[in-house]
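Please look over the two chains below. A short report on their architecture follows.

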Amino acid sequence: MSLLHFFGQTLRIATPYLFAAAGGALAERAGVVSLTLEGFMLGGAFGAAIGAWLGGGAWFGILGGLAVGLLLGGLHALGSIRFGADQIVSGVAINLLVVGATRFALQLAFDSSSNSPRIAGFDGFANPLIWAALLLTPLLAVLLNRTRLGLRIRAVGEHPQAAATLGVPVARVQAVAVVISGGLAALGGAYLTLDQHQFTDSMTAGRGFIALAAVIFGRWQPLRAAVACLLFAAAETLQIQLQATQWIAAQFVVMIPYVLTIVAVAGAVTRAKPPAALGRPLAS
Amino acid sequence: MSRLLILTVALFLLHAGLQWVEPASAGLAAHGQGPRVGVVFDLGGRGDKSFNDGAYVGAMRAVKALGAQVRFVEPGEGSDREAGLRLLAAEGMDLVIGVGFIFSDDLTGLAKEYPNIAFAGVDYAVALDGQGQPIQPPPNLAALKFREEQGSFLVGALAALVGGSKKVGFVGGMDTPLIHKFEAGYRAGVLHVCPDCTVLAQYAGVTPEAFRNPGRGKELALSQYQQGVRVIYHASGSTGLGVFEAARVQHGLGIGVDADQYDEAPGFILTSMVKRVDNAVYDAIDRVKAKKFHGGIIQFGLAEDGVGYVYDAHNRALIPSQVHDRLEQLKADIVAGRLQVPSTR
């Protein structure tokens with residue numbers, strides 16, 4: 001196993017995490033809980049399949065995934081911001097909705113309950129989404145820390161009342177952040193579909209929650225969250241490689257990413273401070 | 001408060017009204033004079049290209065050949081599996097079939113509750129008592145089990161014979177004894193024809209999600225192909241679709257499982273280890289019709305045509321005829337009991 005293979009595999013595994021974690025960091029910094037990442041990703045994965053199938057090309061897949069993600073982000077914004085539903089409840093509801101809806105749509109569109117037919121996609125590192133994921137992190141950091149919108153997003157997440165007093169349209173800023181977060185996380189799902197040339201029922205397999213853990217681990221900062229994503233991906237790669245060598249019992253090797261997560265989060269969270277108004281919408 | 005009450009009442013009435021609506025998936029397949037059979041599908045339902053479709057094919061064959069009247073129920077996520085079985089049992093079906101090991105506990109409970117109805121569980125997981133001895137299912141419950149290790153043995157021998165590499169791959173889904181059975185038989189098959197071969201066996205995870213993670217499957221398979229493996233056998237649900245995708249990229253070969261998976265990646269599928277769920281389901285219905293139904297553990301192996309491997313026009317070019325002869329010889333040895341295949345690793 002060469003080092004190049006190791007890094008390549010780490011990068012491929014990290015790509016969906018990077019997208020979802022970027023989306024998660026954005027929404028949570030605006031004060032909206034991101035339990036929805038899993039649902040956004042799965043929706044994006046399905047949207048990619050539909051897009052690539054109808055459009056006949058992988059780029060249409062990216063568009064399709066993005067569209068579904070923005071739509072789901074809008075739904076979450078509608079429920080949790082416009083109508084003030086509990087953000088956790090709305091998030092869980094969207095996750096469940098997407099699992100059922102994609103399965104239903106899979107049946108309708110492709111007459112199968114397990115997977116779509118083979119669609120156009122990208123192979124390995126020809127996948128533009130890998131490179132986009134790497135570019136995305138610094139862009140997001142700049143957006144959050146150096147732009148007016150970023151300042152507003154942070155203000156809204158830390159102290160919505162204060163922001164409102166200064167004339168920041170709190171609900172609108174939050175909605176924008178959530179909708180963009182939906183689009184970003186969905187691109188992570190689209191990556192999975194386009195890499196597999198296929199959508200498979202429930203194919204995100206909990207990646208959205210790992211990404212959320214990376215956001216918390218990264219203390220809600222895009223760069224740190226991205227490093228956390230790469231770390232988790234490296235642990236998974238290590239697990240795949242070690243399992244093949246059979247030096248250690250497989251059960252132990254399978255634990256590595258999870259143990260690492262627990263250790264990291266337990267060690268990091270003591271010093272981490274979430275956005276002060278996370279999950280508490282502005283009373284209007 | 002009163003609005004909430006009105007809403008609750010309205011929902012209740014709607015629910016009650018729906019009792020008279022026949023769900024599209026729960027339709028009566030045909031009207032005949034044969035036994036009344038209810039089939040409850042596992043998650044995924046019809047169109048899963050695997051277990052559920054196999055059960056459907058078997059049941060439809062029984063409709064044609066035995067005049068059976070079959071009702072299919074397709075439960076949604078989670079909790080209403082038991083309700084589906086109970087509905088059919090309460091309607092007084094002659095035979096109620098649960099497709100998938102997930103029904104094991106529900107079937108055991110219902111079989112005790114309805115002693116006059118025959119139950120059958122495809123891939124029923126037999127519980128073990130304190131001494132590790134299997135607990136026999138109730139007398140009216142047939143546990144339809146497959147000797148996956150026997151079919152896996154044959155595809156393992158095939159992988160070693162045509163792969164042209166001393167390394168042979170295996171990708172499992174969830175790391176459980178059920179999947180170890182596939183690995184054990186496969187490994188034994190590989191080593192039987194190639195004692196100095198090594199089997200790289202990897203699992204996608206330790207939760208049920210490991211059966212639905214093609215992304216992980218692809219990465220596992222890519223790393224195996226890069227280590228010199230030529231053929232990978234998967235027993236991992238839709239995770240295996242990722243294995244096939246890796247086979248395309250690396251120009252390797254994959255071996256399908258449960259059903260013939262040739263269509264998933266034409267040209268890259270060496271063969272598939274098929275579990276003839278259709279035969280098991282048909283057999284159970286046939287027994288009920290002939291009044292020969294009995295409970296207990298019923299094994300479907302190579303001898304009963306319950307497991308096997310695919311050899312047809314699609315993969316004949318990949319399998320030289322002397323290799324095919326060798327496999328058939330091995331199969332005959334297993335059927336005759338001259339060759340014992342381990343089911344644990």
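This is a predicted model: local features need pLDDT of at least 70, side-chain atom pairs count only at pLDDT 80 or more; totals for chains, interfaces and linings use all residues.

Residues are numbered from 1 along each chain as its sequence is written, while chains are lettered from A and ligands numbered from 1 in the order in which they are written.

## Chain A

Chain A has 11 helices and zero strands. Helices (H or I, at least four residues) and strands (E, at least two) are DSSP runs, numbered from the N terminus. The radius of gyration of chain A is 19 Å, close to the 19 Å that the globule rule gives for 284 residues, so chain A is as compact as a globular protein of that length. That radius is taken over C-alpha atoms, and the globule rule is 2.2 Å times the number of residues to the power 0.38. Along its principal axes, the C-alpha trace of chain A spans about 60 × 45 × 30 Å.

Of the 284 residues in chain A, 55% are buried. A residue is buried if 20 or more other C-beta atoms lie within 10 Å of its own, exposed if 12 or fewer, and partly exposed in between, with C-beta atoms placed from the backbone. Contacts in chain A with a separation of 6 or more come to 77% from residues 24 or more positions apart. Two residues are in contact if their C-beta atoms, placed from the backbone, lie within 7 Å.

Pro222(A) lies in helix α10 (residues 222-245) of chain A. Is Pro222(A) buried or exposed? Pro222(A) is buried, because 26 other C-beta atoms lie within 10 Å. Not counting residues up to four places away in sequence, Pro222(A) touches Ala22(A), Ala25(A), Thr137(A), Leu140(A), Ala141(A) and Leu144(A). Ala175(A) is 47 residues apart from Pro222(A) along the chain, and their C-alpha atoms are separated by 19 Å.

## Chain B: domains

Domain bounds come from an automatic or database domain assignment. For chain B this gives domain 1 (23-146 + 278-300) and domain 2 (148-275 + 311-335). The C-alpha centres of domain 1 of chain B and domain 2 of chain B lie 29 Å apart. Seven residues from domain 1 of chain B and five residues from domain 2 of chain B make the contact. On the side of domain 1 of chain B that touches domain 2 of chain B, helix α2 (residues 51-66) of chain B gives the largest share, three residues. By class, that side of domain 1 of chain B has three nonpolar, two polar and two charged residues. Here Ala, Val, Leu, Ile, Met, Phe, Trp, Tyr, Cys and Pro count as nonpolar, Asp, Glu, Lys and Arg as charged, and the others, Gly among them, as polar.

## Chain B: the sheet

An open sheet of six strands in chain B has the order β2-β1-β3-β4-β5-β11, with parallel pairing. Two strands pair if DSSP finds at least two bridges between them. The edge strands are β2 (69-73) and β11 (296-300) of chain B, and each pairs on one side only. Neighbouring strands of this sheet are turned by 20° against each other on average, direction ignored. Axes are lines fitted to C-alpha atoms, for helices over the stretch in contact, and angles run from 0 to 180 degrees between N-to-C directions.

α2(B) packs on the sheet and touches β1 (36-40), β2, β3 and β4 of chain B. The direction of α2(B) makes about 155° with that of β3(B).

| Strand pair | Bridges |
|---|---|
| β1(B) and β2(B) | five bridges |
| β3(B) and β4(B) | five bridges |
| β4(B) and β5(B) | four bridges |
| β5(B) and β11(B) | five bridges |

Val37(B) stands opposite Val70(B) in β2(B). Val99(B) stands opposite Val122(B) in β4(B). Val122(B) in turn stands opposite Leu144(B) in β5(B). The bridge partner of Lys145(B) in β11(B) is Gln299(B).

Strand β5 (residues 141-146) of chain B has six of its six residues buried, so it is largely enclosed by the rest of the structure. Leu141(B), Ala143(B) and Lys145(B) point one way from β5(B), and Ala142(B), Leu144(B) and Phe146(B) the other way. β1(B) is mostly covered, with four of its five residues buried.

## Between the chains

31 residues of chain A are in contact with 30 residues of chain B. On the chain A side, the elements that give two or more residues are α1 (3-29), α4 (87-110), α8 (170-196), α10 and α11 (250-269) of chain A. By class, this side of chain A has eight nonpolar, 18 polar and five charged residues.
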